[in-house]
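Have a viewer open, and try each task before you read its solution.

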Amino acid sequence: MIVKKYDISSFDQLSSVALELLTWSDNRIFAIYGDMGVGKTTLIKYMCDHLKVHDPVSSPTFSVINEYVDLDGAKIFHFDFYRLKNLEEADRLGLDTYFSSGQICFLEWPDIVRSILPQEHHVIKIQEKNNKRQLFLLK
């Protein structure tokens, strides 16, 4: 079910939406769905900019997990599950520790870990249709 819909066709719109998403304090886990090249990592980069992350932000396609630190020393975890073949591979990463850390976790390609995600997490879908990008907050 769609809770909220945003037009993110421009970088300014995407930046504003990224900032708004970070104001939601009910949980700190963001499962981000969308086709390849639709802007999942770009959204995370904008969110990290707003969080004052001083590390370079890039998709952890090969490392699976990137860890960033903000100016206050808080850790932020960025996952990319695209290359994982099954839940067992994901489980060996110790995801429970990350998810229960209280730190922000950004998850790209989260389908494979959907069954072990904490009940409380944000579900975001980005899609492009007719040269227009939209972000949907789902419930």
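The exercises below go from the sheet to a helix and then to the cores. The model is predicted, so local features need pLDDT of at least 70 and side-chain atom pairs count only at pLDDT 80 or more, while totals for chains, interfaces and linings use all residues. Residues are numbered from 1 along each chain as its sequence is written, and side-chain values use heavy atoms, with hydrogens and water left out.

**Exercise 1. Find the order of the strands in the open sheet, and its edge strands.**

Step 1. Take strands as DSSP runs (E, at least two residues) and helices likewise (H or I, at least four), numbered from the N terminus. Two strands pair if DSSP finds at least two bridges between them.

Step 2. Seven strands then line up as β1-β7-β6-β2-β5-β4-β3, with mixed pairing.

Step 3. β1 and β3 (65-69) each pair on one side only, which makes them the edge strands.

Step 4. Now look at one pair: β6 and β7 run antiparallel and are joined by seven bridges. Lys129 stands opposite Lys132 in β7.

**Exercise 2. Which residues of α1 are buried, and how are they placed around the axis?**

Step 1. Using under 20% relative accessible area for buried, over 50% for exposed and a 1.4 Å probe on protein chains only, the buried residues are Leu14, Ser15, Val17, Ala18 and Leu21.

Step 2. Their arc, taken from the directions from the helix axis to the C-beta atoms, is only 165°, so they sit on the same side of α1.

Step 3. Asp12, Ser16 and Thr23 are exposed on the other side.

Step 4. The cover over the buried residues includes β1 (2-7), β2, α2, β6 and β7.

**Exercise 3. Which residues have the most contacts inside the largest nonpolar core?**

Step 1. Join buried Ala, Val, Leu, Ile, Met, Phe, Trp, Tyr and Cys residues through side-chain atoms within 4.5 Å.

Step 2. The largest such core has 23 residues, and Leu43, Ile124 and Leu135 have the most contacts inside it.

Step 3. Elements giving two or more residues to this core include α1 (11-23), α2 (40-50) and β7 (132-138).

Step 4. Follow Leu43, leaving aside neighbours within four places in sequence: its contacts (heavy atoms within 4.5 Å) include Leu14, Ala18, Ile124 and Leu135.
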